[in-house]
Amino acid sequence: MIDKERICRMETFTEIRVNAPEMLDGPRNFRELGGYPAKDGAIKKGILFRSDGLQSLSDRDREWMKEQDITCVIDLRSENEAVIKPDALGNGFEYHHIPMSDKMGEKDGKEIYPDSISELYRLILDRQMEGFARVMRIMLERNGRPLVFHCAVGKDRTGMTAMLILWLCGVPDDVIEADYSVSEHNMKPIFDRLRETFEEAHMEVPDVLFGSPAEEMAKTMDYVRENWGSAAGYLEACGLSEEELDRLCELFVEKA
């Protein structure tokens, strides 16, 4: 049976993020997580931001970020990605590089692609527990001041990070799924160009890598429930204490 109310909620939250004025000249998937309903309130505005790569920041972009005090950057890209396209930050920014791979692996010199994007996300969750713990502790060290975390396109590693912190703070599943689904819209022009590049090079790359369907995030969250019970259970398995998790919620949730 189709849950029309749930679909309406997802479309509403998705529309808010898609139709929001573009904040920056360079990045295409830079957006905040504030305003989402959370346990006993809502995610505080102006604190948590997610993005694609920041290598294309303009002077105006950097000035805007400094005006908003978004001077802490957590880069989730691999070592190679960060070297080839370093974030264009300059002075006045606090930069943390926490390398996370989003590759399935290789066979006979060729990259192995997932059958579904949730398959890739299960691997990221299994392989990057130390990295996610480091991200959360940087958030704790920031103590409520704004920050932005990002990967290459702001969809996969960034999507996993956003899911964990939103879920921990009590944001409903459908809102988390809707937030995730926005990336496909924001990055469509870039994804279209990538498809053309791969086709010209006669490379077969599955469409799952160019999308962010809500149902794939739902499957990923089900995987977390099956193995750790919740985002809190997963983060505890990563090494965070109950006190640290409670403090994260205090930092990011505005009580009603």
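Mentor: With a definition: contact means heavy atoms within 4.5 Å. Note also that this is a predicted model.

Trainee: What covers the buried residues of α2?

Mentor: The cover includes β5 (72-75) and β9 (147-150). The buried residues in helix α2 (residues 59-67) are D61, R62 and M65. They lie on the same side of α2, because they cover an arc of only 95° around the axis.

Trainee: Which residues are exposed on the other side of α2?

Mentor: D59 and E67 are exposed there. Just after α2, D69 has a positive phi of about 65°.

Trainee: Now the rings. How many aromatic pairs does a search of the whole structure find?

Mentor: The search finds six. In general, a pair of aromatic rings is described by the distance of the centres and the angle of the planes. F30 and F49 form a tilted pair, with 5.7 Å centre to centre and 35° between the planes. This pair links distant parts of the chain, 19 residues apart: F30 is in the loop between α1 (4-18) and β1 (31-32), and F49 is in strand β4 (residues 48-51).

Trainee: Is F49 buried or exposed?

Mentor: F49 is buried, with a relative accessible area of 4%. F30 is buried as well, at 8%.

Trainee: What kind of pair do F132 and Y234 form?

Mentor: An edge-to-face pair: 6.1 Å centre to centre, 70° between the planes. F132 lies in helix α5 (residues 129-142) and Y234 in helix α10 (residues 231-237), so the pair ties together parts 102 residues apart in sequence. Ring pairs link F132, Y223, W228 and Y234 into a cluster. Over the ring of Y223 sits the charged end of R122, 5.9 Å from the ring's centre.

Notes: Residues numbered from 1 in each chain as written. Predicted model: local features only at pLDDT ≥ 70, side-chain atom pairs only at ≥ 80, totals over all residues. Heavy atoms only, no water. Buried < 20%, exposed > 50% of the residue type's maximum accessible area, 1.4 Å probe, protein only. Helix = DSSP H or I, 4+ residues; strand = E, 2+ residues; numbered from the N terminus. Arc of directions from axis to C-beta. Phe/Tyr/Trp six-rings, centres within 6.5 Å; stacked < 30°, edge-to-face > 60°. Lys NZ or Arg CZ within 6 Å of the ring centre and 35° of its normal.
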